[in-house]
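The notes follow in the order I made them.

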Amino acid sequence: QVQLVESGGGLVQPGGSLRLSCTASESIFTLYTIGWYRQAPGKQRELVATITGGGITNYPAPVKGRFTVSRDNAKNTVYLQMNGLKPEDTGAYYCNTASALWGWGPGTQVTVFS
């Protein structure tokens, strides 16, 4: 079972930036499309970015143009650069395959406050 660990969250003001990291325990990670998910308090987990093994990315409308996902397969790591953060971006952020194949990591908390 691949283990995932997310990091890089924090407290920021609206308009601020954060860079999240997701590191996997096994190199098989590089073969999969990986997604970043977020879960706001009281809401379901939602997908905010995906990246294929070859680097093709996709974003839903609410974050398009503000979030950028990238990966370094040599480090078994996927990143999420978040710019222009808004209060509605607040939540716990997780990574997993695009089909949520593996167990969830601990997540990393992002809080955007005025």
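**Entry 1: glutamine 109**

I looked up the accessibility of glutamine 109 and found 44% relative accessibility, so glutamine 109 counts as partly exposed, a class that lies between the 20% and 50% cut-offs. I note here that the model is predicted.

I then placed glutamine 109 in the fold: this residue belongs to strand β10, residues 108-112. I listed the contacts of glutamine 109, leaving out residues up to four places away in sequence, and got Gly9, Gly10, Thr90, Gly91 and Ala92. I also checked tyrosine 93, which is 16 residues from glutamine 109 in sequence, with a C-alpha to C-alpha distance of 6.2 Å. For side-chain polar contacts, I found one between glutamine 109 and threonine 111, at 3.5 Å.

**Entry 2: the nonpolar core**

I went on to the largest nonpolar core, which has 26 residues. Trp36, Phe67, Leu80, Met82 and Tyr93 have the most contacts inside this core. I checked which strands contribute: β3, β4 (34-39), β5 (46-51), β7, β8 (77-82), β9 (91-97) and β10 each supply at least two residues. The largest share, 4 residues, comes from β3.

**Entry 3: the four-stranded sheet**

I traced an open sheet of 4 strands with antiparallel pairing and wrote down the order β1-β3-β8-β7. I noted an average twist of 15 degrees from one strand to the next.

I went through the pairings in order.

- β1 pairs with β3 (residues 18-24) in the antiparallel sense over 4 bridges, and valine 5 stands opposite threonine 23 in β3.
- β3 and β8 are antiparallel, with 6 bridges; leucine 20 has leucine 80 in β8 as its bridge partner.
- β7 and β8 are also paired in the antiparallel sense, over 6 bridges; serine 70 has tyrosine 79 in β8 as its bridge partner.

I looked at the hairpin of β7 and β8, which has 4 residues between the strands, and found asparagine 76 with a positive phi near 50 degrees.

**Entry 4: β8**

Is β8 largely enclosed or open to the outside? I counted 5 of its 6 residues as buried, so β8 is largely enclosed by the rest of the structure. The cut-off for buried is under 20% relative accessible area.

Note on methods: Residues numbered from 1 in each chain as written. Predicted model: local features only at pLDDT ≥ 70, side-chain atom pairs only at ≥ 80, totals over all residues. Heavy atoms only, no water. Pairing = 2+ DSSP bridges. Axes fitted to C-alpha atoms, helices over the stretch in contact; angles between N-to-C directions. Buried < 20%, exposed > 50% of the residue type's maximum accessible area, 1.4 Å probe, protein only. Contact = heavy atoms within 4.5 Å. Polar contact = N/O pair within 3.5 Å; in protein donor to acceptor, adjacent residues only side chain to side chain. Core = buried A, V, L, I, M, F, W, Y, C linked by side-chain atoms within 4.5 Å.
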